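I opened my notebook to look up a few things in this structure. Here is what I wrote down, entry by entry.

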Amino acid sequence: MADVYDARPAYPPELIDALADLAAVHGHRVGDLGAGIGHVALPLAQRGFAVTAVEPAQAMLDQLLAEARKRRLSVEAIHATAEDLPLGDASLDLVVVADALHFLDAELVGHEIARVLVPKGGLVVVTCELAATPFMQSLVKIIKEAVPRRPRKLDHNMVQISSIAGIRFARERHFHDETPVDSDTLERILRSISFIGPAMNPARFAAFRARVRALPGQPVWARTFTVRAGRRTRMGSRKRASAT
């Protein structure tokens with residue numbers, strides 16, 4: 001999905017502000033697990049934090065590094081999975097998992113977060129839902145009719161990671177974003193969603209695209225983000241995770 005992922009709008013500035021505020025409280029060293037093309041890692045690096053971006057897709061990591069060089073930002077980019085981090089014990093002050101939890105093995109990631117976080121370190125999990133605007137509701141109706149597979153609920157993953165890592169989440173915060181896009185950009189965004197673009201063969205996607213393009217009015221891509229943040233209240237299980 002790396003060739004279309006850059007079509008996704010950036011996170012709302014208020015959300016990045018919130019992450020920066022948390023990073024400032026917890027410490028200078030931030031790990032972004034499942035960093036993608038850098039939607040979190042790059043703006044945090046621009047604010048002066050020491051960011052380690054971990055991403056298993058090399059093509060996405062290459063885009064992140066190219067953009068970091070373009071902006072003259074210093075980011076440590078690591079080609080690895082969040083389940084098996086090539087990082088030292090207690091090497092991060094804050095771990096961020098932004099719109100990536102659904103890709104991760106919660107048990108293995110929980111052990112790795114427990115291992116790499118300092119004793120009073122913090123964890124931030126950002127999840128994303130398509131917003132309930134009129135345009136998005138029409139779009140979601142088409143998606144549900146075209147794609148039988150649905151994104152799974154993440155509540156259990158959240159509980160599992162926080163329990164293993166010894167994190168107690170505080171009150172949730174919500175951020176909303178609406179970005180007008182043209183039809184071609186909307187198509188690229190949809191191709192970047194794992195259960196839509198990559199899950200459809202060309203004929204199915206062509207039929208899906210025709211229905212999306214027939215929607216009236218200006219496309220406005222709208223999302224609601226939920227931020228759950230917490231501090232480590234006890235030492236979690238620091239068992240070294242293994243791919244086996």
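Entry 1: I began with Phe 205 and Phe 208, which sit three residues apart in helix H8, so about one helical turn separates them. I was working with a predicted model. I looked up burial next and found that Phe 205 and Phe 208 are both buried.

**Entry 2: aromatic pairs.** How many aromatic pairs does the count come to? I noted two. For Tyr 11 and Phe 225, I wrote down an edge-to-face pair, with 5.2 Å centre to centre and 70° between the planes. Tyr 11 lies in the segment before helix H1 and Phe 225 in strand E8, so this pair ties together parts that are 214 residues apart in sequence. Is Tyr 11 buried or exposed? Its relative accessibility is 12%, so I put Tyr 11 down as buried. Phe 225 has 1% relative accessibility, so Phe 225 counts as buried too. I also noted that Phe 205 and Phe 208 form a tilted pair, 5.7 Å centre to centre with 55° between the planes.

**Entry 3: a helix neighbour.** I then checked how helix H7 (residues 183-191) packs with helix H8 (residues 202-213): the angle is about 135° and the axes are 11 Å apart. That angle makes H7 oblique to H8. I recorded the crossing of H7 and H8 as right-handed.

**Entry 4: who meets whom.** From H7, the residues in the contact include Leu 186 and Leu 190, and from H8 they include Phe 205, Phe 208 and Val 212. Sorted by class, the contact of H7 with H8 has five nonpolar, one polar and five charged residues.

Note on methods: Residues are numbered from 1 along each chain as its sequence is written. This is a predicted model: local features need pLDDT of at least 70, side-chain atom pairs count only at pLDDT 80 or more; totals for chains, interfaces and linings use all residues. Side-chain values use heavy atoms; hydrogens and water are left out. Axes are lines fitted to C-alpha atoms, for helices over the stretch in contact, and angles run from 0 to 180 degrees between N-to-C directions. Helices (H or I, at least four residues) and strands (E, at least two) are DSSP runs, numbered from the N terminus. Angles under 35 degrees count as roughly parallel, over 145 as roughly antiparallel, 65 to 115 as roughly perpendicular and the rest as oblique. A crossing is left-handed if the near helix is turned anticlockwise from the far one by less than a right angle, and right-handed if clockwise. Contact means heavy atoms within 4.5 Å. Ala, Val, Leu, Ile, Met, Phe, Trp, Tyr, Cys and Pro count as nonpolar, Asp, Glu, Lys and Arg as charged, and the others, Gly among them, as polar. Rings of Phe, Tyr and Trp (its six-membered ring) pair if their centres lie within 6.5 Å; planes under 30 degrees apart count as stacked, over 60 as edge-to-face and the rest as tilted. Buried means under 20% relative accessible area, exposed over 50%, partly exposed in between (1.4 Å probe, protein chains only).
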